[in-house]
Amino acid sequence: MNAIEIRNICKNYGDCKALSDITLDISEGEIFGLIGPDGAGKTTLFRILATLLLPDGGNASINGTDVIKDYEKIRCSIGYMPGQFSLYQDLSVEENLDFFATVFGTTIKENYDNIKEIYSQIEPFKDRRAGKLSGGMKQKLALCCALVHNPSILFLDEPTTGVDAVSRKDFWNMLYRIRESGVTIVVSTPYMDEASKCDRIALIQHGRIIETGTPEQIKESYPYTLLSVKGKPAYPMLRFLRRCPGIISCFSFGSEHHAAIDPKTTDERTLAGLLESNGFKNCRIKEIKPTVEDCFMQLAGKVTDNTLRIK
């Protein structure tokens, strides 16, 4: 059964198209990832689903309830953690949590079992002002406030942005345990490596869904042979590779370049010879499996609408 159904949702800000005909189904009890860069439309979609923003067209439902007609009912059944820390920074940890519990007509004590695993990590700092917490602690407090009323669906808008690698890993481990309790989790992120942590994902660019499926399905659909190319100097090599015959696309990934090739036109040996004959040193080329980021770059290249868009 679907926890969330989205049909042809559109949203414009003047002449700027933030969302164009978004259609998605999200199943109960899954972690669904909305993956895309800043400005792709992730936050706008989350605000519509959280009943904070009206769409210009289309419709959406949460647990069968319309997000426009029955917004009050929906707000009692969802938890929403916005991208920016939005709790009261002059209130203490405990005061923030108590406030949000009161807003939803409950108490910390009544739903303590629902948050105790997360809250136990910040409880030693319960008297500290929220504004004085570290990034990871703020993240945990915001998650507690989103869960204190025991929602069935949790929206997390870029929850790991600006958080260190250890805190990111801990956060995802917490999400897995929350999912085990039956909560449907919808998370947005600009980090392509987090896509593999989701059950299913949707890739979004310029307000449009360009692909959906499991991370493995999306990687398996990559249509080209992909090569990892290393050598020096790196940036001139990138520019050279993009001009080589048989190179469909080439992007820099840290210390290496990922080159999609047409195997009828070029191969590893041919490419290595071209690079060496043109003065590039320490060249190493090998075939690799595509990542979600490789797939995103390939699919995003098909989006030709250059109209200005905002987040």
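**Charges and cysteines in a predicted model**

Glutamate 123 sits in the loop between α4 (112-119) and α5 (135-147). This is a predicted model, and in it glutamate 123 is partly exposed, at 30% relative accessible area. Together with Glu94, Glu95, Asp98 and Asp127, Glu123 belongs to a patch of negative charge on the surface.

Next, the paired charges. The whole structure holds ten salt bridges. One of them joins aspartate 56 to lysine 11, with 3.6 Å between the closest N and O atoms. That pair links distant parts of the chain, 45 residues apart: aspartate 56 is in the loop between α1 (42-49) and β4 (57-62), and lysine 11 is in strand β1 (residues 2-13). Lysine 11 is buried, at 10% relative accessibility.

Two other bridges stay inside a helix. In α4, lysine 116 and aspartate 113 are three residues apart, about one turn, and their closest N and O atoms are 3.9 Å apart. Aspartate 113 is exposed at 62%, while lysine 116 is partly exposed at 41%. In α7 (residues 215-220), lysine 219 and glutamate 216 have that three-residue spacing too, with an N to O distance of 3.1 Å. There is also a network of salt bridges linking Arg168, Asp193 and Glu194.

Now the cysteines. How many disulfides are there? The count is zero. For cysteine 10, the closest cysteine sulfur is in cysteine 16, 15 Å away, so the two are too far apart for a bond. Cysteine 198, buried at 6%, has its closest cysteine sulfur in cysteine 295, also 15 Å away and too far for a bond. Cys295 is one of the buried residues of α10, a helix with seven of its nine residues buried.

Note on methods
Residues numbered from 1 in each chain as written. Predicted model: local features only at pLDDT ≥ 70, side-chain atom pairs only at ≥ 80, totals over all residues. Heavy atoms only, no water. Patch = residues over 30% accessible without salt bridge, like charges linked within 9 Å, V, L, I, M, F, W, Y side chains within 5 Å. Areas by Shrake-Rupley, 256 points an atom, 1.4 Å probe, with all protein chains shown as cover. Salt bridge = Lys/Arg side-chain N within 4 Å of Asp/Glu carboxyl O. Lys, Arg positive; Asp, Glu negative; His and termini not counted. Charge placed at Lys NZ, Arg CZ, Asp CG, Glu CD. Helix = DSSP H or I, 4+ residues; strand = E, 2+ residues; numbered from the N terminus. Buried < 20%, exposed > 50% of the residue type's maximum accessible area, 1.4 Å probe, protein only. Disulfide = S-S within 2.5 Å.
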